[in-house]
Amino acid sequence: MYEYSDFDAAFVAERNRQFRAQVERRLAGSLTEDEFRPLRLMNGLYLQLHAYMLRVAIPYGTLRSAQMRQLAYIADRWDKGYGHFTTRQNIQFNWPKLTDVPDILEALAQVEMHSIQTSGNTIRNVTADHFAGAAADEIEDPRPVAELIRQWSTDHPEFQFLPRKFKIAVTGAPADRAVTASNDIGVRTVLNDRGEMGYQILVGGGLGRTPMVARVIRDFLPKADLLPYLEAIVSTYNLMGRRDNKFKARIKITVFENGLESFRDAVEAKFALYRSQFGGADQYLLAEIKAAFAPPAFRNAPVDAYDAGLAADAAFRTWAGTNLTAHRNDSHAIVTVSLKAHGETPGDASSDQMRLLADLADDYGYGELRISHEQNVILPHVHKSDLPVLFARLQQAGLATANAGLLSDIIACPGMDYCTLATARSIPVAQKLALHFKALGLEEEIGALKIKISGCINACGHHHVGHIGILGLDRAGVENYQVTLGGDHTENAAIGERAGPGFAYDEIVPAIERLLRAYLDLRGNASETFIETFRRLGAAPFKAALYPAETEDRDAA
Amino acid sequence: MSRRYIPKVVTANDLAMGDVVYLTADDRWSRHHHEAELIEDEAHAQLRLLNASAQKLLVVGPYLADAKAGPNGPEPIHFRETFRTRGPSNYVHGKQQDAARESTNV
C-alpha cells in the first residue's frame with residue numbers, strides 16, 4: 001500500500017498546525033464564524049444538527065489494519081465509540097468537540113490519514129472499486145491511478161475554488177462497482193481492439209436534485225494521457241461552469257447546457273496544450289506508486305478446511321453464498337463483512353468491531369481492509385482455508401450477517417438523525433425495513449435487491465440508482481417518502497423513475513412489502529431478480545401494487 | 001387582517017461543543033427547549049436574534065424556530081426541531097443521553 005513520502009507528511013503536518021491555530025483564533029474571537037466556516041470545511045469539519053461532524057478521507061476505500069485501529073482509538077477517545085462509513089468511502093465521526101478536532105487530526109496524521117478536501121468546492125476523496133486488486137474480473141488495479149489523482153488534486157492551486165464540489169471515481173474492471181457513471185468524472189479501465197489498455201472517460205454524472213448518468217467524453221484515452229486530460233476537463237469546467245446559481249453549478253449542468261460536443265471541443269483544445277506540459281513527470285511518479293500497490297505474496301496452501309466448513313456448517317454455507325466474491329487467486333476469496341445487521345444503523349461500526357476487523361485483517365488478510373460505497377467493510381484477500389475460523393470470529397462480534405446484496409444490505413445516508421440538510425430521517429426506515437422482512441422470513445426468497453435511501457434531494461444515499469429508491473421529504477411539516485423504481489448502479493447505470501405520490505413514515509414499510517409481494521407473484525421463476533422482473537414488465541404492475549386504492553378507483557370510474 | 005404571528009424561540013449550536021442551545025428570557029443559553037424564551041412579537045424576535053448573533057464566542061448559527069406554549073414551557077412545532085431537542089433516533093445519544101444520565105442520578 002502507498003505510504004506517505006516526506007512531502008506528504010510535511011504537508012499534512014503543516015495543514016494541521018494551521019488548523020490548530022485557526023481553531024484557537026476562532027475561540028479567542030479574532031476569526032468570525034463567517035471567516036472560520038470555510039477553513040473548517042476545508043478540513044472536513046461540519047456543524048450538524050446535534051454536534052460537529054468530522055469527515056475523514058479513506059482514499060479509494062483502502063485501509064491498513066493500523067489505520068483501522070487508530071479510527072477505533074479516535075472513536076473511543078474523542079467520540080462516542082463508533083464511526084459511520086459513507087457512500088463515498090469516508091468515515092464520519094458524529095460527536096467531536098471543536099476543541100478536540102486539532103488533536104484528532106494529529107492522531108489521523110500519525111497513521112497517514114487526514115480530512116483535507118472532504119468538503120468544499122474542491123476535488124473530493126477519489127473513490128474506487130472496493131474489490132480493487134482482488135477481483136477476478138479486474139483488468140488492472142485502479143488504486144495506483146486513484147492515488148496519482150489524489151496527489152494531483154490535493155491542494156491543486158487552480159482547483160481549490162471550483163464552481164461546486166467535484167467527484168472522481170475509478171474502476172479497473174468491466175463490472176462497475178464504483179458507480180462511476182454517477183460521478184463528475186468516471187474513469188473506466190478498458191482494452192481497445194488491439195488489446196492495449198487505456199481509459200474510457202465519462203463526464204457529467206451526478207445524482208442530487210438533477211440526476212444524470214455520465215456521458216462518454218473519450219472512448220479510449222491512452223494511459224499516459226490521463227492526468228493532462230483530467231486537468232483539461234476540470235479547468236474547462238472551472239471556467240465554463242456556472243457560479244451564479246448553486247443548483248446549476250455542477251459539471252453535469254455545464255455539459256448539459258453547453259452540449260457534450262462543445263464541451264468536448266473545449267476540453268480537447270486544452271488537452272492539446274497541457275499534454276506537452278506534463279512532460280512525463282506524472283508517469284514517473286505513477287511507476288513509483290504502482291510499486292507500493294504490488295499484491296501480497298498470496299499463500300499457497302490446501303483449501304480442505306473451507307470445503308469441510310461448507311459441508312459441516314449451514315450458517316457458514318449461507319454466509320459464504322452471499323458474502324464471498326471470486327478472487328483472482330483461486331485459493332483466496334474476497335470477504336464482505338456486512339455492517340447491516342438487521343435493526344442496526346447501516347455503515348456504523350463500533351470501536352470494538354473496528355479493532356476486531358483490524359485483527360482479522362492481520363491474522364487472515366495480509367493486513368488490508370477496504371470500505372465499500374455500499375457501507376460495508378471488505379477483507380480483500382482471505383485464504384479459503386481461513387474462512388471458517390474467520391466466520392466464527394465475525395459471529396462472536398455480531399459481524400457475520402449473511403445479507404450482502406440482499407434486501408437488508410441497504411445504503412442509507414445519515415438523514416435527519418444527524419444531517420442539517422436532511423428533510424426526513426433515513427436510518428430508522430432502513431432499520432424497520434430490515435427487521436420487518438426478517439420477521440416475515442422473505443429476505444432470502446426475494447434475493448438480490450438494492451434498496452437505497454436518502455433523507456433529502458441531495459441523494460447521498462444514492463436512491464436514484466437503487467432498484468428501489470426511497471427519498472425522504474418534508475411535506476407540510478410531516479416526513480414523507482417517495483419511491484423510485486428501476487434504478488441501476490452498475491456499468492448499465494440508470495436513474496429510477498418516480499412511482500407516484502409519497503408515503504407517510506408509518507406507511508413506507510407496508511408499501512415496500514406490497515411492492516415486493518407483487519414481485520414474488522410476478523417473477524417468471526425463482527431465479528429472476530426484482531430488477532429483471534421490473535425490466536421485463538415495466539413499472540405498471542409495481543405501481544398498481546404500491547397504490548392499490550387508486551388503481552381500484554380508476555377501474556371503477 | 002394580518003396573519004397571527006407564530007411564536008418563536010432563538011436557537012443555535014454551542015461553539016465549542018456543537019450542542020443545541022436555546023436563548024432564555026434572562027439571557028442565558030440553555031440546553032433545554034422548555035427553558036427558552038417564547039417570543040410572541042415579531043419585532044422583539046428580531047431584537048433577540050440580533051442579541052444572539054452578537055454572541056460570537058458562545059454560539060454558532062442562531063435562528064428563529066417556530067414554537068408553541070406547553071405545560072412545561074415552549075415546545076417545538078416542526079419535527080426537525082423536535083429531533084434537535086433530543087438527539088438521533090438510532091442511539092440514545094445527545095440530549096436524550098444527558099436526560100437519561102440526569103434521571104439515574106436522582
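**Close-up 1. Buried residues of helix α17 in chain A.** In this predicted model, helix α17 of chain A, which spans residues 530–537, has A:F530, A:I531 and A:F534 as buried residues. Seen down the axis of α17(A), these buried residues fall within an arc of 95°, so they line one face of the helix. As a general point, an α-helix has 3.6 residues a turn, so residues three or four places apart point the same way.

Close-up 2. Just after α17(A) comes A:G538, whose phi is positive, at about 80°.

**Close-up 3. Helices α3 and α12 of chain A.** The axes of α3 (residues 65–78) and α12 (residues 351–364), both in chain A, come within 8 Å and cross at roughly 165°. That angle is over 145 degrees, which means that α3(A) is roughly antiparallel to α12(A). The crossing of these two helices, α3(A) and α12(A), is left-handed.

**Close-up 4. Residues where α3(A) meets α12(A).** On the side of α3(A), the residues are A:S65, A:M68, A:R69, A:L71, A:A72, A:A75 and A:D76, and they meet A:S351, A:M354, A:R355, A:L357, A:A358, A:A361 and A:D362 in α12(A). Sorted by class, this contact of α3(A) with α12(A) has eight nonpolar, two polar and four charged residues.

**Close-up 5. The contact between chain A and chain B.** Here 23 residues of chain A are in contact with 22 residues of chain B. The side of chain A that touches chain B has, by class, 11 nonpolar, six polar and six charged residues.

How values were computed:
Residues numbered from 1 in each chain as written. Chains lettered and ligands numbered in written order. Predicted model: local features only at pLDDT ≥ 70, side-chain atom pairs only at ≥ 80, totals over all residues. Buried ≥ 20, exposed ≤ 12 C-beta atoms within 10 Å, placed from the backbone. Helix = DSSP H or I, 4+ residues; strand = E, 2+ residues; numbered from the N terminus. Arc of directions from axis to C-beta. Axes fitted to C-alpha atoms, helices over the stretch in contact; angles between N-to-C directions. Parallel < 35°, antiparallel > 145°, perpendicular 65-115°, else oblique. Left-handed = near helix turned anticlockwise from the far one by under 90°. Contact = placed C-beta atoms within 7 Å. Nonpolar A, V, L, I, M, F, W, Y, C, P; charged D, E, K, R; others polar.
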